[in-house]
Structures are given as C-alpha cells and as structure tokens.
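Please have your viewer open as you read.

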Amino acid sequence: MFAFYHAALTGLACGDDLESVLRQFEIRLLDELGYALALDTEAGAGVPVVPDGLYVLDPGQGVRRARADDGAGVLGGATLLALAHGDRLAPHQIREARLLLRGLLEPHLGGRPLKSRELFRRWSDATI
C-alpha cells in the first residue's frame, strides 16, 4: 500500500488531477485487499466493455450491461475503461467513478468513511 500511496503522491506532484488519483488509489486498495473487479469486461460473459455502452455493477460479480429496469447506478463504458486503464477521468466521469468506488469500498469499511480524499488534499495543500 505504501508504494501505491507514493505513486499517488508522485502523480499529484506532477500535476495529475485529484479525482483520477483518488480513484486509482482506491482501485489499487481493493486489488490489494483481494476485492478487485474486472472493469473492462462483462461479468460472466467475458465480453469487452464498450465505451458507448451502459453498465451496472452487480456486487460480488462485476459489471454487466444495463437493462431498462436498472434505474440508478448506471455507468458509462468509457468511465469503466478509464478506471480499468488508469486514464485521467473526464469531468463527466468523475461522479460516476466516485459513486462506483464508494459502493465497492463501503462494505469493507465497517460503516467508517474512507479518508483518502482528506489525506491527499492535506498533502497537496502542504506542497503549494
């Protein structure tokens, strides 16, 4: 985890945006804890996620194509692919990515909030 933390701080020092850095740190945290999900393929089908597709997360399973009755929690394929490949998030992807990672992390936090945003923001403010 310290290597991931160092990589995140280095990214911030090089001018990477906070939201993309936080999401990548959270993905790496889930991976390190053994809860990583494939975000670039559909669960069960092994079909690649397409950028213009709409998907939902089935907890414990992975992502699948969204259906008309899924309602809230629909994610754009471009957001999933950006997260899977470690790409910078576009402004319209930030909220989707935040909600996805919050949903993935919440069951493992025992009701406590994740303080990564606060931690990275403090470091960022201290270096200005």
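The report below goes from the overall fold to the core, a helix pair and one serine.

This is a predicted model, in which local features need pLDDT of at least 70, side-chain atom pairs count only at pLDDT 80 or more, and totals for chains, interfaces and linings use all residues. Residues are numbered from 1 along each chain as its sequence is written, and side-chain values use heavy atoms, with hydrogens and water left out.

**Overall fold**

The protein has five helices and three strands, where helices (H or I, at least four residues) and strands (E, at least two) are DSSP runs numbered from the N terminus. Along the sequence they follow the pattern α-α-β-β-β-α-α-α. Of the 128 residues, 35% are buried (buried means under 20% relative accessible area, with a 1.4 Å probe and protein chains only). Contact here means heavy atoms within 4.5 Å. Among contacts between residues at least 6 apart in sequence, 51% join residues at least 24 apart.

**The cores**

A nonpolar core is a set of buried Ala, Val, Leu, Ile, Met, Phe, Trp, Tyr and Cys residues joined through side-chain atoms within 4.5 Å. The largest one has 19 residues, and Leu-39, Leu-80, Leu-83, Leu-100 and Leu-101 have the most contacts inside it. Two or more residues come from each of helix 2 (18-32), helix 3 (77-85) and helix 4 (94-105), with helix 4 giving the most, six residues. Beyond its neighbours within four places in sequence, Leu-39 touches Ile-27, Val-49, Val-63, Leu-80, Leu-83, Ala-84 and Leu-100. Apart from this core lies another, of five residues, including Leu-12, Leu-18, Val-21 and Leu-22.

| Feature of helix 3 and helix 4 | Value |
|---|---|
| Packing angle | about 65° |
| Distance between axes | 10 Å |
| Crossing | right-handed |

Axes are lines fitted to C-alpha atoms, for helices over the stretch in contact, and angles run from 0 to 180 degrees between N-to-C directions. The two helices are therefore roughly perpendicular to each other, a class that covers 65 to 115 degrees. A crossing is right-handed if the near helix is turned clockwise from the far one by less than a right angle. Thr-79, Leu-80 and Leu-83 in helix 3 meet Glu-96, Ala-97, Leu-100 and Leu-101 in helix 4.

**Ser-20**

Leaving aside neighbours within four places in sequence, Ser-20 is in contact with Asp-87, Arg-88 and Leu-89.

Notes. Buried < 20%, exposed > 50% of the residue type's maximum accessible area, 1.4 Å probe, protein only. Parallel < 35°, antiparallel > 145°, perpendicular 65-115°, else oblique.
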